[in-house]
Amino acid sequence: MWEHVKKIRKNYIDVGFEPSKVKVVGHPIYKKLEKEKTLRSDLSDILIIPVSSVTWHQHTYNKPVVNDPSMVVLYLYKVQKVLMRLGIKKARYRPHPSINKKWMYPFLDSDFYVLDSEALTTSLNKSSLVIGANSTVVLEALMQGVNYIAFDPKDKDGVNMSGYKAVPPFDGSEEKLMMAEDEFELEKMIKANAMTDYTIVHDFIQEFDLTVLKDLIN
């Protein structure tokens with residue numbers, strides 16, 4: 001029942017969790033996942049998902065991470081430079097809900113960037129390509145039929161713009177995910193119309209399965 005999916009479960013086991021104690025139930029909103037899907041992927045209406053500037057929790061006790069809010073703006077400028085080299089004159093951006101959009105706006109090129117404030121599903125449905133930070137939005141995008149290229153610039157120590165080292169599937173270990181670590185790679189992927197494999201959805205999400213809970217109760 002679990003063999004063909006459960007990469008998140010595997011990640012927990014790989015870092016030391018007892019396999020028998022890591023159960024996968026799925027989520028009630030995912031009652032029917034399409035097995036295959038042809039993704040949209042062109043430059044007509046690009047959506048950018050920038051990094052977040054908020055840390056909700058610390059991953060370790062001895063290495064606190066202090067986020068730099070300016071990285072959100074810098075991230076958008078990095079993507080803008082690449083897109084402008086490819087002749088793109090406009091793109092939408094959708095900051096994390098925790099980010100103050102009024103604070104961001106004066107720092108951005110308003111001739112290039114247009115704020116996207118629609119519901120996520122609506123936003124993804126109208127997008128022809130999504131370029132974004134490490135986020136579960138990659139799965140939401142694929143389920144809405146649009147290609148997602150993950151853009152995660154890192155410093156010489158492998159720390160990204162959010163202040164963390166990447167973890168699976170955003171650490172380069174996932175072949176199905178198109179992952180660019182610098183502007184050169186991002187431009188190359190866009191030119192080649194590199195496509196994230198839709199089947200990654202089934203690797204990380206499963207349809208809701210109550211039998212797992214029933215077995216635990218019984």
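Leaving aside its neighbours within four places in sequence, which residues is I131 in contact with?

Mentor: The model is predicted, so local features need pLDDT of at least 70 and side-chain atom pairs count only at pLDDT 80 or more, while totals for chains, interfaces and linings use all residues. Residues are numbered from 1 along each chain as its sequence is written, and side-chain values use heavy atoms, with hydrogens and water left out.

With those neighbours set aside, I131 is in contact (heavy atoms within 4.5 Å) with I46, L47, I48, I49, V79, L83, I149, F151, L186 and I190.

The largest nonpolar core has 30 residues, of which I131, I48, Y75, V79, L83, Y113 and L186 touch the most other members. Such a core is a set of buried Ala, Val, Leu, Ile, Met, Phe, Trp, Tyr and Cys residues joined through side-chain atoms within 4.5 Å; buried means under 20% relative accessible area, exposed over 50% (1.4 Å probe, protein chains only). At least two residues of this core come from each of β1 (46-49), α2 (70-85), β2 (91-93), β4 (129-132), β5 (148-151) and α6 (183-191). Helices (H or I, at least four residues) and strands (E, at least two) are DSSP runs, numbered from the N terminus. The largest share, seven residues, is supplied by α2.

In α6, the buried residues are E183, L186, E187, M189 and I190. They lie on the same side of α6, because they cover an arc of only 165° around the axis, taken from the directions from the helix axis to the C-beta atoms. Their cover includes α2, β4, β5 and β6 (179-180). On the other side of α6, F184, K188 and K191 are exposed.
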